[in-house]
Amino acid sequence: MADFIRTMKRVFSYARPYIIWFWLTIIFAAGSVSLSLAVPIFIGDAVDCCVGQGSVDFGELRKIIFRLLIAVVLSALFQWLMSLCTNRLAFRTVRDLRSDVFGKLQRVPLSYIDRSTKGGLSSRVINDIEIISDGLLQGFTQFFSGVITILGTLIFMLTINVKIALVVVLLTPLSFIAASQITKMTHRFYLRQSELRGRMVSFSEEYAGNQKLVTAMDFCDRAVGQFAQVNSDFSSVGANATFFSSLANPVTRFVNGLIYAAVGLLGALGAAGHSAFIGAMSVGRLSSFLAYSNQYTKPFNEISGVFAELQNAAASAERVFAVLDEEEIPDDSDKLSVNSSDCSGSVSFDDISFSYSPETRLIEHLSLDVLPGQRVAIVGPTGCGKSTMINLLLRFYDPQSGKILLSGRDSTEITRDSLRSCFGMVLQETWIFTGTVAQNISYGKPDATREEIIAAAKAVHAHGFIKRLPNGYDSVISEDSGLSQGQKQLLCIARVMLMDPPMLILDEATSSIDLRTEQRIQRAFEKLMTGKTSFVIAHRLSTIKNSDVILVMRDGNIVEKGSHA
Amino acid sequence: MRPLLKYLKNYRLQLVLGPVFKLLEAVFELIVPVVMADIIDNGVANHDSAYIWRKTGIIVLLGVCGLGFAVTCQFLASRCAYGFGRELRDALYRHICSLSYESVDRFGAASLVNRLTNDTNTVQNGVNMFIRLATRSPFLVIGAAVMAVTIDLRLSVIFFIAAPLISGVIFVIMRKTVPMYKTAQQKLDRAATLTRESIEGSRVIRAFSRQGLECSVFDRSVDELTIASESVGRISAILNPFSFLIMDCGIAAILWFGGERIDTGSLTQGELTAFTNYMTQILLALVVLANLIVTFTKAFASANRISEVFAVEPESSGTDVPGSVQPGDEILRFNDVSFTYKGGGDCSLKNISFSLKKGGFLGIIGGTGSGKSTVAQLIPGFYEPQSGEVIYGGKDVKTLDKAMLRRRIGWVAQRAVLFSGSVRENMRFRCPDASDEDIIKALKTAQAWDFVEKMPDGLDSRIAQGGRNLSGGQRQRIAIARALVGSPEVLILDDSTSALDYATDLRLRRALSEELPETSVVMISQRTTSIKDADCILVLDEGSPAGVGTHDELLRDCAVYREIFNSQMNEKGGGGNG
């Protein structure tokens, strides 16, 4: 509970700029609810005006109905205004929160992103915050109006008749007990149901998702049998879970009915003058009382619903705050900002030691001098730490000891941004974002002219296929919009080509792309590397052969250093 | 929807009784205000406390019965919905299993999974809600109106104005907001795409120092989302206050005209109270109905998606059995085969002819998209050629019993897919009763036993979904071993050794010819080294045969083959020195 409050407080701290909407919500809620609670009183008064044949007080009735209409119109208006305020409050709060988390993800060290599952991180920005948004909306609208309704109803009932009101209060826990019992029962079934549903879904994903393979192995009959088993387990538990959860409505309706009957009984006895205990009461008052008792339990249900929703929201908020609490890369804006023209292209590793975790040692005491314009090939089996070299050069990770010198300058004395602007990087895993081809190519140089973009594309032999796309350079593409791996790779190379940085880091693709594209990519790489200091994670012998320095890595160590000759 | 109704057949009883019980509950609920009116008109007016007690007892009794009926209905609804859902899913999965590759391609595997899991769930929920609410809400509306009519015909005119008015408001607002909700959802999807892309591209973004740009693009998209959500919120926020307003105006009208009726003596005070009560009931029922319409719209859309799958005919299969073939005789032959994928415009294969002997080794090589996999997929009859014939065991594949044919063929796909379960379970896919010796023998042949043996539980070791806990090469070797269990007549390896290093690849090929001499092998590869020992190599270039023959013949006669070979030899030649 303490955690819950702390988390919610922190969520509300995001609402601070919109606090005005919060107060307006409460004011409108109070106005709307108290006016709507007055309605049964007016109705009761009106009923009292109509005692019987020939004895209807029309003058009074007109006045009451007029008041009733005013109350009704204002209440509706306030309710609408309240929703507008809550909407604004909730949507703006989560907008800020979302924008904050996204910004945070740009500032956390890469090690954090590497450690996390990618789907999990984006789910926090999208799904978790959506749940918080739902929680806030529901919380603001239903919680406040619910509480005000309960308090208001009690006050109105107490003003009409204290004793009947007390009976209603005494009967209230019935509704709570029933609701909590049902929730408890349902919860168990729900857990089991979601587990079995998960099992059914993953079976479907595995088998129906690989239907062709299942057909090819003639495994269908057995798969159908296994599915039937999983399906029947899920269905029987699901039926129970649904049944128990569906009890909540009838049971609360029943409890409500009991309260209604009790109020009717006592009120009628009082109105009939048979109970000195209850005291005198008019028929109109009785009907207002009945109207109250009819709507009395509803806010209780709603509030318990809101609590469930808020608990979900708090759980999501905790996940979001966990991201926000991650340590950030220290600000380095006071460091030296270098220009790519200051960069001679010489790189030295000076006694570098690095590992991702203290238990497993990786790179130890690595020293290496690369002269301007030299080509360094890094080779070795998968997982040997080749990509670690990229991480260190671009300062995605920092070494535990030792220094990397760029043009003789300690790289930690340079701002990360300006250091990275001296490098062009092409990774094996292509990155294409949703946008036009031109936007993708000019990613590193947003002000590039169309001519420059086309020149870069031509240089890497991508111009041909781009022109064949439906809208040429303005075709909208994404990672899975049907471009082949090789074509995506060419676009990524064109991106670097356009930047024309003094140093390069390239990761050659291993995946089987077809021969012609592969040769094209090779040619594009060659063109890119001309006259530049370049580090290539090499899979091809031709690359290795043409390199000035070859680093053979195994288990994070450089086992051999030399040139091809 | 109609084709799905038959899965409700076994639950007709629940389907009928459920709403009946719900109706009974609604009837009882409607009687309560009448009884209360009686209490006021008779009990209070006559100061008859015994009468009041008796009638209150009736109200409680009505409540108890109502509860009983409601619980019965919910029970029947849950049984019916989940029973229906279970039969529907079973039938749907069985049907999916019977589909041809062409049909699977048409829907896409992901979409089939979605229909099997999510759509069936939505329809099931629709059935549940139908039983529980579809009769209750309209009945409450109609019932309340009927009760009003029986109390006072002229006063009930107010009902017939208010109820359609409220329905109209609900309808108009829903029609306005549904597309707006879609827009908001699209904006959210856009934000999700941006998030996913920026996480996936975090290295590139940082390398280009574009974090600021990413943030501003994202902020803009989130602003759009906020605006879209707020504008839909503004409109949907009208719904509740406005329908309550109409209802309350109705009540005011009832009070005013009711007053007149009471003054003339045609209405009592208690009846007036009942009238206002029915008004409230109508509104609440209409709101439930509006939500129900949303549920049903979704259920119908899902039902249609499921029906689409059922509408596709199962794969046709012949009944013939392939003839038995002696070693050295021909087991497989392509006669001038041409094939085009449905909706695929260009011909994928043109005039392919070759022949494979029992125990023989056929290699297929060519660039991406040259049709290598297509050739392989025609052999087990996954697709049927438009012209020419595929002959297996002396018979046209079209006429063969497909299941029988596939049991004789070991198929290893390009992407090695393993299923969650133990190694042993995975290995028994082709032969459910394979012994451990058979399995180990297959693993040894596929060069997989050395690492399976080292796994903590040997054959009982768990494989995670998709084989994630194994490396690419390990997955491929187990997938090959899986196809070897039960010694298939023909083994098809569709570029299935790409993750193996040269030495393992070589050991695998040697083991195959030594351990399974009678098995014919069709091997698709990008590497000339993998297939150069083949009895026959088919070289494909954009769907057309560029050459058929042995390695030496092709080197001499086939330019495409020579080009591929030379480019790879250069790499390999250097490899010796590296």
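Modeller: Helices (H or I, at least four residues) and strands (E, at least two) are DSSP runs, numbered from the N terminus. And this is a predicted model, so local features need pLDDT of at least 70, side-chain atom pairs count only at pLDDT 80 or more, and totals for chains, interfaces and linings use all residues. Residues are numbered from 1 along each chain as its sequence is written, while chains are lettered from A and ligands numbered from 1 in the order in which they are written.

Colleague: OK, do β6(B) and β9(B) pair in the parallel sense or antiparallel, and over how many bridges?
Modeller: They're parallel, with four bridges. For example, G410(B) has L491(B) of β9(B) as its bridge partner.

Colleague: What is the strand order in the whole open sheet of chain B?
Modeller: Six strands, running β6-β9-β10-β3-β11-β12, with mixed pairing.

Colleague: Which strands stand at the edges?
Modeller: β6 (409–412) and β12 (544–549) of chain B; each has a single partner strand, so one side of each has no neighbour in the sheet. The twist averages 15 degrees from one strand to the next (axes are lines fitted to C-alpha atoms, for helices over the stretch in contact, and angles run from 0 to 180 degrees between N-to-C directions).

Colleague: Which helix packs on that sheet?
Modeller: Helix α15 (residues 472–484) of chain B, which touches β6 and β9 (490–494) of chain B, and its direction makes about 170 degrees with that of β6(B). Contact here has two residues with C-beta atoms, placed from the backbone, within 7 Å.

Colleague: Switching topic: how many residues does the contact take from chain A and chain B?
Modeller: 112 residues from chain A and 117 residues from chain B. On the chain A side, helix α3 (residues 58–107) gives the largest share, 23 residues.

Colleague: Last one: how many residues of α16(A) are buried?
Modeller: 14 of its 15. Buried is 20 or more other C-beta atoms within 10 Å of a residue's own, exposed is 12 or fewer, and partly exposed is in between, with C-beta atoms placed from the backbone.

Key
Pairing = 2+ DSSP bridges.
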